[in-house]
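Here are some notes to read beside the structure. Please keep the sequence open as you go through the points.

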Amino acid sequence: MTSNRTSLFPARRWLVLLIGLAAAPAQATDLLSVARDALLNDAGLASARAELERVGAGRDVERGGLLPQLSAGSSLSHNRTYSSQGRGGQVGDPGGVGDGLVVDDEQDFNSLSVSLDASQALYDASRFAQLERAERLTGQQALSLEVAEQQLLFDVASAYFEILRAADILEARRSQETAISRQLEQAEERFEVGLTAITDVFEAQASFDLARAQRIAAENALQISFEALERLTDQRYASIDGLSDELPVEPPTPAERNAWVEMALLNSPMLMMAEAGIEVARSDLDIARAGRLPTLEAFANYQYSDTDRSGVSGYNSDSQLGVRASVPLYTGGTTSAQIRQNTFGLEVSQYDFEAQRRDTVQQVRSLYTQVSNDVETVEARRQAIASNQSALDATRSGYEVGTRNIVDVLNAEQNLFNAIADHAEARYDYVLGLLELRQQSGTLDGEAIQGVNQWLDASQGISLDLPDEAGGRDPALDIGTRPTPPS
């Protein structure tokens, strides 16, 4: 299952980065510039890059074991020896038996030795298999980095559009609060002149309180969404470009679901990483099987020694040149167990690949269907705004002539602003669904981000009014509470 596609990913990875760096002016806070900041500053992606370098260094470690090995050693020492020897007298000798002679000998001298050893592996199946595993593991890690980059691009886009989603919902909630505030004022005025009962004021006050609570929640959601983007980019943005009203809500291209599935099977880095895992597991099995094979290496060594000991002159030298081989005969069953263990490891990786393949196909099919449905949903939500506006106008007219009550009006207003918020939700669901479809199909790159970036409009920028240093809120954010209605 080895694939040549692995080697293409480093080039694509740098292409993504270069496209991000080529983003227009640094001061333009659009999606492309934010993605550039994330590619440069995200800690998780930096960790993935460092991990690739670490794994790549492991490949060089394994290669070093197949290259010539050379070592040298030397020692210089000062020696002191002392010896005491005795001789007993012999029969017939002058002095007779027992007339022994004791000889003491003490010497101080220096000695020098030098050694040089060299070896070269001629045949070592285990080391060759370990090198191949390191190379395959490096390729797998390169794919892991590609996965991390695509995930980061999607996370950045998701965080970006969540800000815009929160801003649109906040705008709808603020408009809703303002509208219901006016309705409450009218109810109070009508009550004061005796045209309505106090219950109308209470109903309007309850709706106003709910609308205010929804507006406060929307403000909090907007601030939190800005924090999420800052975590990814390590940058705080005063404002970001908004989504254009002319967003082209169209079915995904290509228009065939199976075409997206085929694209994913060819390009999905998650799937390719699982495929590379099979090759790594196969290398593990090769390493275990190599434990039964002989090894062969050439070697050479040279030794030199010299001393200034009294009575000794000259030096000693010795050299060897040859080939040595070793054959494992019995390892207590360890080799057989490792082979069996890694055979099951290979089987696990094959099942993991199949599970990933099925998951990728299912995800792409589901996302394609979702995006296609989102196209219709956006249009339906847009139409719902017009319908609810007409219903509100009719209800207000009925309230003026006495055929409808204030509860009907308040409900109609609530329905209208809910429809506006739902329409915003549908637009952002469409954009994020399309990006996720590209991610699952392995085509979410700088070019895709640049295409989405063209849907943004700087004139509709979104800014965040942060709390002041004393912990208070910007007064512009609060419309204020209404006075308690008269009893």
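1. Two residues are in contact when they have heavy atoms within 4.5 Å of each other. Among the contacts in this protein with a separation of 6 or more, 85% are between residues 24 or more positions apart. Please bear in mind throughout that this is a predicted model.

2. Some overall values come next. The protein has ten helices and six strands. Of its 487 residues, 38% are buried. The protein exposes about 26400 Å², and carbon and sulfur atoms supply 51% of that area.

3. Where does Q120 lie? Q120 is part of strand β2, which covers residues 101-124.

4. Which residues does Q120 touch, leaving aside its neighbours within four places in sequence? They are L66, L67, P68, E297 and A298. L70 can be compared with Q120 by position: the two are 50 residues apart in sequence, while their C-alpha atoms are 8.8 Å apart in space.

5. The count of salt bridges is 25. One of them joins D124 and R127, with the closest N and O atoms 3.6 Å apart. D124 has a relative accessibility of 12% and is therefore buried, whereas R127, at 35%, is partly exposed.

6. A salt bridge also links R282 to E279, and here the closest N and O atoms are 3.1 Å apart. Both residues are in helix α7 (residues 269-290); they are three residues apart, so about one helical turn separates them.

7. R358 and E354 form another salt bridge, with 2.9 Å between the closest N and O atoms. Both belong to helix α8 (residues 334-401), where they are four residues apart, about one turn of the helix. R358 is exposed, with a relative accessible area of 56%, and E354 is partly exposed, with 24%.

8. Lastly, salt bridges that share partners join E132, R136, E279 and R282 into one network. The pair in point 6, R282 and E279, belongs to this network.

Methods
Residues numbered from 1 in each chain as written. Predicted model: local features only at pLDDT ≥ 70, side-chain atom pairs only at ≥ 80, totals over all residues. Heavy atoms only, no water. Helix = DSSP H or I, 4+ residues; strand = E, 2+ residues; numbered from the N terminus. Buried < 20%, exposed > 50% of the residue type's maximum accessible area, 1.4 Å probe, protein only. Areas by Shrake-Rupley, 256 points an atom, 1.4 Å probe, with all protein chains shown as cover. Salt bridge = Lys/Arg side-chain N within 4 Å of Asp/Glu carboxyl O.
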